[in-house]
Amino acid sequence: MERLPAEAGSSPSSSLLPSSPSKTTSRPPYDDEDPLADVAGAGGDGEKKALGVFSMVAVVYFLVCGGSYGTEDLGGSLPPLFGLLGILVIPWLWSLPVALITAELATAMPDASGFLLWSRRAFGPFVSFLDAWIMIVVVIIDQALYPLIFVSYIETLVELTWWQAYLINLGYILLCMIVNLLGVSTMGHFSKIFSALALLPFVIFVAAGFFSDRFDPHAWVETAKGKTIASSTRPCPHEWDVPLYLSVLLWATCGFEYSGFLAGDVDKPRRTFPIVMIGSIFLMIATYFFPIAMAIAIAEDPSEITEGAYPALALEIGLGEWIKYLMIAGGLASTMGTYNAYLGTTASALRAQAEEGVAPSIFSAFPQYKSPIVAIIFFSLTTAALVLLDFSVLVEIESLLYCLHVLLLAGTVIRLRWKEPELERPFALPFGKIGVVLIASLPMLITFFNIGSLFYYGWIFPLISVGVVTSGCLLYLVRHLVRRRWEYHSYPS
């Protein structure tokens, strides 16, 4: 683990936060007090930080992408022409606005609390607490998806028993936990390595595909599917499985706002964040588009391009068995890189919440170390438990909860433009308040459409999501009542 200098006492990012009430004052802060108000505009460019442009691009790349693994349904759920156009267009309506919102808020309020600080400044402690609760559940669910994806690729090679698959999951989780315990700088270096390993199989797949006898570029402009839907596990009344396509694409292109948790560790954030966000979107689109396009061009029937199909498709280009095994190795690098990046950023956020007094104080233990040790171990344990569940169940619940978070994030940037117009914004969304509303409305519209499609095809997962939100409201109420009760007995009038 990376030990902090003795005189620092805490990480650079967390030092911007006020200490917990037990260390600084004889009473807890009132709900109408904002203990985060002093961080606005903090985090200038004077101090050299751990993450520069290239390290940050690698981290953000895995936060939002990490490779084409798990995205095969983008090629099989819609006719080829429309599926490819969606990959090229939708990220600019969904990912770019979220990336630009993140760039504005992160450079104005660079802090390890990320969007939790931003929502508190905009809407107060209740909304911030609810957003934190929703995203903790989302993160816990999402982190369990990547070991499951990797094991699904392993199972294309060998048949695994239940306990064998679980042991592989545990080893995967343990390795990423160790990497994150070594510190944020190490995380950036490992992300660079994982980036290269995740991209290599698809570079070979795309390049060799052009020389394959199976290559047919005319398949790219087909506007009808060859067969009925083979990729959907739910009944669909039409040939186009739009809900499946949109759910996979939004899941594959979300996560830009997580980079706000690392704002305190970013070198020259005013310059770095906009470059990183735009560059990551181009890299993300290329990562998804070219492999899907090649898969469509060489597949006998594009509608059969489903989850886990890449290793089998790689065999069809005629390079031999080794390309299949390289795809599996790339799957390890891709999923591990994404999981590794999420674990580091979300663990930092949980420790920041503990330092604010929002989360249990145990998560801010060991302040002499830069790595959030307890939070990393906690998330590793929850992942180890959730990998026992089915992938489709987890991703359905996560998709709906994440949409609620995007609505809060878009509302946050709009609210702060009116509430705090004087806030220093080194990077600001263009065209003033009207531009902010227009930009923020794009992901909100896509979010409403996605939520509607999930409700249309079933009520079980939406009801579970409603239960998560309701439990968050109840937790806040209990926390509020306990705090007031403690304050009343400690300070009688």
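In which hand does helix 6 pass helix 7?

1. The crossing of helix 6 over helix 7 is right-handed (the near helix is turned clockwise from the far one by less than a right angle). This is a predicted model, where local features need pLDDT of at least 70 and side-chain atom pairs pLDDT 80 or more, while totals for chains, interfaces and linings use all residues. Residues are numbered from 1 along each chain as its sequence is written, and side-chain values use heavy atoms, without hydrogens or water.

2. Axes here are lines fitted to C-alpha atoms over the stretch in contact, with angles from 0 to 180 degrees between N-to-C directions.

3. On the helix 6 side, the contact (heavy atoms within 4.5 Å) includes Tyr146, Phe150 and Ile154, and on the helix 7 side Ile168, Asn169 and Tyr172 are among the partners. By class, this contact has 10 nonpolar, one polar and no charged residues.

4. Helix 5 (residues 115-123) and helix 6 have axes that come within 7 Å and cross at roughly 150 degrees, and they are therefore roughly antiparallel (over 145 degrees). Their crossing is right-handed.

5. Residues of helix 5 including Phe115, Arg120 and Phe123 meet a set in helix 6 that includes Pro125, Asp131 and Met135. Here the classes are seven nonpolar, two polar and two charged residues.

Conventions: Helix = DSSP H or I, 4+ residues; strand = E, 2+ residues; numbered from the N terminus. Nonpolar A, V, L, I, M, F, W, Y, C, P; charged D, E, K, R; others polar. Parallel < 35°, antiparallel > 145°, perpendicular 65-115°, else oblique.
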